[in-house]
Amino acid sequence: MKICILLRMRLGFVYALSLLGIGLGLDTTRTRLSGYRANLAALQQIEAQTPKVWWDRSHVSACRPKNIAELVAPVEIYLADPDKGFHFVVPVRGRLNSGFGFRRGWQFHFGLDIDLRTGDTVVAAMDGEVRLAGYDPGGYGYFCVIAHPNGLETVYGHFSRLLVTPEMVVKAGDPIGLGGSTGYSTGPHLHFEVRFMGEPVDVSALIDFENGQLLEPVLTISAETFKHLSQLHSAVYHIVRPGESLYVIARRYGVTVRYLIALNGLSTRSVLRPGQRLRVR
Ligand SMILES: [Zn+2]
């Protein structure tokens, strides 16, 4: 069943509001209500500028338009707006051990990796509704995807244990999983993504993971945000055939051996394996 994600978020809101109404004084409830209304207005603005995003309970990348850079008019999204009752909590405190971008030349890392110890509690970064939660053996391991009222989604991967299920409404700071190293991972860490229309964006400049602080509450999205995609889409790869050397491959693509070594994170002593994928441009 597919219904519009934005519509779905509104339903989530009604639920969240009813939760907020319980046990809170009327004044506080009223302030929070107006805060949520403001968030909704901001959401409608985003909705007007972007095509519909479909609600999907089976794919992490439910919506990932290839031409997103052309679709998006510049928009400012609040990661936190405490006056309006919308908070951001850093999901786990720790060293950022791998950033957003090309890794070893050919592999693109669409998130941020934060060091943790197995069993550390990981919390939701913002209020929202769990769109997807499950196990992805070759990639995220135990993971969840949370949709937020500001139009963003956050993805959390490699948990040792999941603490949420789809359709759960969570508040910023609520535990959602225990840190681990499940899926495609070489050691305990949190793989964290912030996504706009299903496309991961780099938020490393906005968050200080080590000190657990949001440095900048506003995320500006524009064509510039997605400039890495054109680079990624224009990348050219070569599958190494038996007997091929770096020299042969470099000559074939009109580049230097030194360029191939740098682009693929190799050394001059690296031995190529037949079937190995090399980025050549
Ligand atoms: Zn990662």
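## Strand pairing around β12

Val123 stands opposite Pro175, a residue of β12, in this predicted model. Val123 belongs to edge strand β6, which covers 121-123.

The order in the open sheet is β6-β12-β10, with antiparallel pairing. The edges of this sheet are β6 and β10, the latter spanning 161-162; each of these strands pairs on one side only.

## Nonpolar core

The largest nonpolar core contains 46 residues. Within this core, Cys144 and Tyr156 are the residues with the most contacts. At least two core residues come from each of β5 (112-115), β7 (128-136), β8 (141-147), β9 (152-159), β13 (189-196) and β17 (218-221). The strand that gives the most to the core is β8, with 6 residues. In soluble globular proteins, nonpolar side chains tend to be buried together.

Which residues does Tyr156 touch, leaving aside those up to four places away in sequence? The list is Pro91, Val122, Phe143, Cys144, Ile176, Gly177, Leu190 and Phe192. One of these contacts, Cys144, is the other residue named for the most contacts inside the core.

Glu199 lies in strand β14, which spans residues 199-201. Is Glu199 buried or exposed? Glu199 counts as buried because 22 other C-beta atoms lie within 10 Å, and the cut-off for burial is 20 or more. Glu199 and Glu153 are separated by 46 residues in sequence, while their C-alpha atoms are 9.2 Å apart in space.

Val257 is located in helix α6, residues 257-263. With 16 other C-beta atoms within 10 Å, Val257 is partly exposed, because this class falls between the limits of 12 or fewer for exposed and 20 or more for buried. Beyond residues up to four places away in sequence, Val257 touches Leu246, Tyr247 and Ala250. Val280 is 23 residues from Val257 in sequence, and the C-alpha to C-alpha distance between them is 10.0 Å.

## Model confidence

The average pLDDT of the chain is 80, and 75% of the residues score at least 70. Over residues 1-29 the pLDDT is below 50, and the model gives this stretch 35 contacts beyond near neighbours in sequence.

Residues 50-55 form another stretch where pLDDT stays under 50. For residues 50-55, the model has 20 contacts beyond four places in sequence.

Terms used. Residues numbered from 1 in each chain as written. Helix = DSSP H or I, 4+ residues; strand = E, 2+ residues; numbered from the N terminus. Pairing = 2+ DSSP bridges. pLDDT = per-residue confidence, 0-100. Contact = placed C-beta atoms within 7 Å. Core = buried A, V, L, I, M, F, W, Y, C linked by C-beta atoms within 7 Å.
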